[in-house]
Amino acid sequence: MNKIAVFPGSFDPITLGHVDIVRRAAKIFDEVIVAVGVNSQKKYLYSLDHRLDMLEAVFSSDDKVSVDHFKGLTVNYCKEKAAHFLLRGIRSSGDFDYEKTISQLNHVIGDELETVFLITRPEYSFISSTIVREIIKGKGDVSAFVPAEVNSMLNI
Ligand code: ADP
């Protein structure tokens, strides 16, 4: 049985922290699906199509990694993809507290879907899409925080 992990998120935009988690997970799982969760209530800086394009640009040569999007509950999407693992990155105790509750909930409603947490590497622990968006809005340089392919796609 293939071990498939889903890495859900907004990726608005994808950062070096996300990339590191995905590439480390690709050494553990047979397949990693980077899945953009679509939430119609949320306002994004980049359109869904552009976020998908940025993800494709980053992962096009990673054999085990694919890019997709989904609406609705993450657990339902995992079922649809026959993925038994949910991948999340942990940067801080704040992330941990939040993720712990969601993971316990998903374990119950998601047919024992297992959440696997990877701790961020120290050099990426302060990077968040929120901070990157703020710098972009202020016309600052985010090249130290996002992959090179993405840095050239940020001005739209
Ligand atoms: P969400 O909308 O779920 O917060 P994000 O795109 O912000 O989506 O994050 C998706 C996942 O990536 C989450 O598990 C988050 O903790 C993780 N993540 C975000 N930034 C980093 C980082 N710098 N290092 C490691 N993991 C990260």
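Ala, Val, Leu, Ile, Met, Phe, Trp, Tyr, Cys and Pro count here as nonpolar, Asp, Glu, Lys and Arg as charged, and the others, Gly among them, as polar. By that scheme, the shell around the ligand has 6 nonpolar, 6 polar and 5 charged residues. This is a predicted model: local features need pLDDT of at least 70, side-chain atom pairs count only at pLDDT 80 or more, and totals for chains, interfaces and linings use all residues. Residues are numbered from 1 along each chain as its sequence is written, and side-chain values use heavy atoms, with hydrogens and water left out.

**Ligand shell**
- The ligand is surrounded by 17 residues (a heavy atom within 4 Å).
- The closest are Ser10, Gly89, Thr120, Tyr124 and Ile127.

- The side chain of threonine 120 has an N or O atom 3.0 Å from a ligand nitrogen.
- For histidine 18, a side-chain N or O atom lies 3.2 Å from a ligand oxygen.
- For lysine 42, the distance from a side-chain N or O atom to a ligand oxygen is 3.4 Å.
- The ligand alone exposes 550 Å², and the protein buries 87% of that (Shrake-Rupley method, 1.4 Å probe).

**Salt bridges** (a side-chain nitrogen of Lys or Arg within 4 Å of a carboxyl oxygen of Asp or Glu)
- The count comes to 10 salt bridges.
- One of them joins the side chains of arginine 133 and aspartate 12, at 3.8 Å from N to O.

Technical notes: Polar contact = N/O pair within 3.5 Å; in protein donor to acceptor, adjacent residues only side chain to side chain.
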